[in-house]
Amino acid sequence: REAFDAALAAFLGEPRDAALDLAAAYTVDRLQRMVVAAHDALRSRGQTRPKLPEPRPADTATAAAELERARAALAAELGGAAGGGASVEAAREALESCGAKLSAGGEVDVVAVKVGRTAAALKTPAADEYRAACERYAHALADQRAVPTLALVDELLGRYADAYAQAKRARTAVDFDDLELLARDLLVAEPGIAAGYRERFERIMVDEF
């Protein structure tokens with residue numbers, strides 16, 4: 001708790017709106033649980049100073065192109081559909097709005113251009129593909145927007161890891177992960193010691209079996 005408090009104070013000490021927004025959005029308690037859980041999980045996987053994995057680039061261009069293809073196909077289909085009532089007309093307007101946004105290179109609010117299922121003309125494979133393309137596009141946008149947030153969380157994780165390590169050193173203490181990681185580091189840094197343990201293990205195995 002002391003380590004996280006120190007890390008958070010340093011993290012928020014610089015005048016950055018993004019850091020304040022992160023703390024406000026997640027709340028301090030949720031941030032602490034998230035960061036500590038990530039720290040423990042990554043340490044147990046062998047990371048001495050935990051670091052979040054680099055995010056995969058969000059391919060919004062491909063998602064937008066897929067959305068445009070699906071939109072054009074459904075628009076063509078609905079253009080030849082007779083009747084359909086208000087729901088089909090609303091779908092045509094949504095598709096037109098979506099196309100205008102994509103042509104202008106802007107982000108599409110998929111909620112505003114969604115197409116329902118209340119008419120038979122909106123229950124076709126083309127309509128299903130348009131809805132699926134909207135979902136993929138929304139996920140791609142969310143992934144893109146999450147990259148700066150992930151970088152901030154990773155920074156806070158690093159500050160916490162450093163503060164926790166410093167607090168342990170001040171108390172001449174280790175935790176269970178330290179016992180494993182320090183032993184591993186010793187065997188890597190000292191080949192002679194590693195060889196001695198390897199020979200001992202091999203003798204035990206021979207005697208055992």
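Which residues does Ala64 touch, not counting residues up to four places away in sequence? Ala64 touches Leu102 and Tyr137, where contact means heavy atoms within 4.5 Å. The structure is a predicted model, in which local features need pLDDT of at least 70, side-chain atom pairs count only at pLDDT 80 or more, and totals for chains, interfaces and linings use all residues. Residues are numbered from 1 along each chain as its sequence is written, and side-chain values use heavy atoms, with hydrogens and water left out.

Ala64 lies in helix H4. Helices here are DSSP runs (H or I, at least four residues), numbered from the N terminus. Between Ala64 and Ala138 there are 74 residues in sequence and 9.6 Å in space, C-alpha to C-alpha. H4 itself has 20 residues. From its first C-alpha to its last, H4 reaches 28 Å, close to the 28 Å expected at 1.5 Å a residue; the expected span is 1.5 Å times one less than the number of residues. The buried residues of H4 are Thr60, Ala63, Ala64, Leu67, Ala70, Arg71, Leu74 and Leu78. Buried means under 20% relative accessible area, exposed over 50%, and partly exposed in between (1.4 Å probe, protein chains only). Seen down the axis of H4, these buried residues fall within an arc of 130°, so they line one face of the helix. The arc is that of the directions from the helix axis to the C-beta atoms. The face turned away from this buried side carries the exposed residues Ala61, Arg69, Ala76 and Gly79. The buried residues of H4 pack against H5 and H6.

The largest nonpolar core has 26 residues. Such a core is a set of buried Ala, Val, Leu, Ile, Met, Phe, Trp, Tyr and Cys residues joined through side-chain atoms within 4.5 Å. Leu67, Leu74, Tyr130 and Tyr137 touch the most other members. Helices H4 (60-79), H5 (85-103) and H6 (125-170) are the elements that give two or more residues to this core. H6 gives the most, with 8 residues. Apart from this core lies another, of 18 residues, among them Ala7, Val35, Leu152 and Ala163.

Tyr137 touches Ala63, Ala64, Leu67, Gly106, Glu107, Val108 and Val110, again leaving out residues up to four places away in sequence. Gln144 has its place in helix H6. Gln144 counts as partly exposed because its relative accessibility is 35%. Its contacts, aside from neighbours within four places in sequence, are Ala58, Thr60 and Glu107. Gln144 and Ala58 are 86 residues apart along the chain, yet their C-alpha atoms are separated by 5.2 Å.

Helix H3 was examined next. The 17 residues of H3 should span 24 Å at 1.5 Å a residue, and its end C-alpha atoms are 24 Å apart, which agrees. Leu31, Val35, His39, Leu42 and Arg43 are buried in H3. They fall within an arc of 100° seen down the axis of H3, so they line one face of the helix. Asp29 and Arg33 are exposed on the other side of H3. The cover over the buried residues of H3 includes helix H1 (2-13), helix H2 (17-26), H6 and H7. Just after H3, Gly46 takes a positive phi of about 105°.

The axes of H3 (residues 28-44) and H7 (residues 176-189) come within 10 Å and cross at roughly 35°. Axes are lines fitted to C-alpha atoms, for helices over the stretch in contact, and angles run from 0 to 180 degrees between N-to-C directions. Asp40, Arg43 and Ser44 of H3 make the contact with Asp177, Asp178 and Leu181 of H7.
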